[in-house]
Amino acid sequence: MSSLAEGIGDPQVRNRGTIGGSIANNDPSADYPSACIALNATIHTNERKIEAAKFFKGMFETALKKGELIEAIEFQIPEKSSYQKHPNPASRYAIVGVYVAKHKGDVNVAVTGAKSCVYNDKEMSKALSGNFSSSSIDGMDLDSSEMNSDMHASADFRASLVVTQAKKAVDAC
Amino acid sequence: MIKSLRVKILINGEIMSKISLEVNGRKVEKEAPDNTLLSTFLREHLQLTGTHIGCDTSQCGACVVHVDGNSLKSCTALAADVNGSKVTTIEGLETNGKMHPMQEAFKKLHGLQCGFCTPGMVMSAIDLLQKNKKPSDTEIRDWLEGNICRCTGYQNIVAAVKEAATKM
């Protein structure tokens, strides 16, 4: 997670930005939401506790209600984990970022940048839970129909990047 | 950490805060709506228009200022959030009409063309030299990755920062 933090934006952004601000904003390309999904985070607000899987609702949308503030975020410590991203060459946000976390029993593959909101890729999670090796997801053909497509990367390219970054993350674990 | 108490005032249905800052060594106190960005506060409430707004999304770096000694993008911070801080903008760099060594170096080595990104470049570069007195080319480029220039191609900016490092 510290290496994820080190790769966010640039020094002037990192001097000011906060993890709470990042997840409350829920930018589709933000880095921290993927850590929350991969590490089964619990978001503590001034009113309640919310599981990360129920927190990120859609593009720039979260489960937070008006007046609700994030006070703390709790993470489950995994056996191994790694975050890898393909940054936009100019502004360094994640065109695609993948946070792989191996917990006792199962593996989370949290993907940011690819769709309108961060998500856990069930297909890759299942394959990696069976065999935690990059070969088990090599060449996986992900459905790109819901993926973002813009001047920086087509949906098909993003689908391919998700697999590439996930493999890099597994290898780095 | 709460640095000082904020006073809430309601004017025309808008929640206003009294914002007290030390800007370029001068104490200032102004009322501004809670959602006023530091960049807007500097430009429109204090008329310090040397701090530029290029993108308003924390990508371009034209709005970089120092808050309590660290460089940050002033369009990322709410003015009310930095209440009680010391802020330095590009206007605060000169001493008795003499340019700061970083400004001199940018001028001497043509580290600018249109000049729009320059205030942010200079403020970021000064913070780099505060933290790393003799940065390598790679370290300069890495530190300035959040400052976008569309004219120079960066070569002369890097040269200017290296020159300033010998003078500061």
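How many helices and strands are there in chain A? Chain A has seven helices and nine strands, where helices (H or I, at least four residues) and strands (E, at least two) are DSSP runs numbered from the N terminus.

## Before we start

This is a predicted model: local features need pLDDT of at least 70, side-chain atom pairs count only at pLDDT 80 or more, and totals for chains, interfaces and linings use all residues. Residues are numbered from 1 along each chain as its sequence is written, while chains are lettered from A and ligands numbered from 1 in the order in which they are written.

## Chain A as a whole

Chain A has a radius of gyration of 15 Å, close to the 16 Å that the globule rule gives for 173 residues, so it is as compact as a globular protein of that length. (The radius is taken over C-alpha atoms, and the rule is 2.2 Å times the number of residues to the power 0.38.) Along its principal axes, the C-alpha trace of chain A spans about 45 × 40 × 30 Å.

Of the 173 residues in chain A, 40% are buried. Here "buried" means that 20 or more other C-beta atoms lie within 10 Å of the residue's own, with C-beta atoms placed from the backbone. Now for contacts, meaning pairs of residues whose C-beta atoms, placed from the backbone, lie within 7 Å. Take the contacts in chain A with a separation of 6 or more: 57% of them involve residues 24 or more positions apart.

## The four-stranded sheet

One open sheet in chain A has four strands in the order β6-β7-β8-β9, with antiparallel pairing; two strands pair if DSSP finds at least two bridges between them. At the edges stand β6 (80–87) and β9 (119–120) of chain A, each with a single partner strand, so one side of each is left without a neighbour in the sheet. Eight bridges tie β6(A) to β7 (residues 94–102) of chain A.

Helix α6 (residues 122–130) of chain A lies across β8 (107–112) and β9 of chain A, running at about 150° to β8(A). For these angles, axes are lines fitted to C-alpha atoms (for helices, over the stretch in contact), and angles run from 0 to 180 degrees between N-to-C directions.

## The three-stranded sheet

Chain A also has an open sheet of three strands, ordered β2-β1-β5, with antiparallel pairing. Its edge strands, β2 (49–51) and β5 (70–74) of chain A, each pair on one side only. On average, neighbouring strands of this sheet are turned by 25° against each other, direction ignored.

Strand β1 (residues 42–45) of chain A pairs with β2(A) over three bridges. Look for I43(A), whose bridge partner in β2(A) is I50(A).

## Where the chains touch

Which residues meet across the two chains? 10 residues of chain A are in contact with 14 residues of chain B. On the chain B side, strand β5 (residues 70–73) of chain B gives the most, with four residues.

Technical notes. Buried ≥ 20, exposed ≤ 12 C-beta atoms within 10 Å, placed from the backbone. Contact = placed C-beta atoms within 7 Å.
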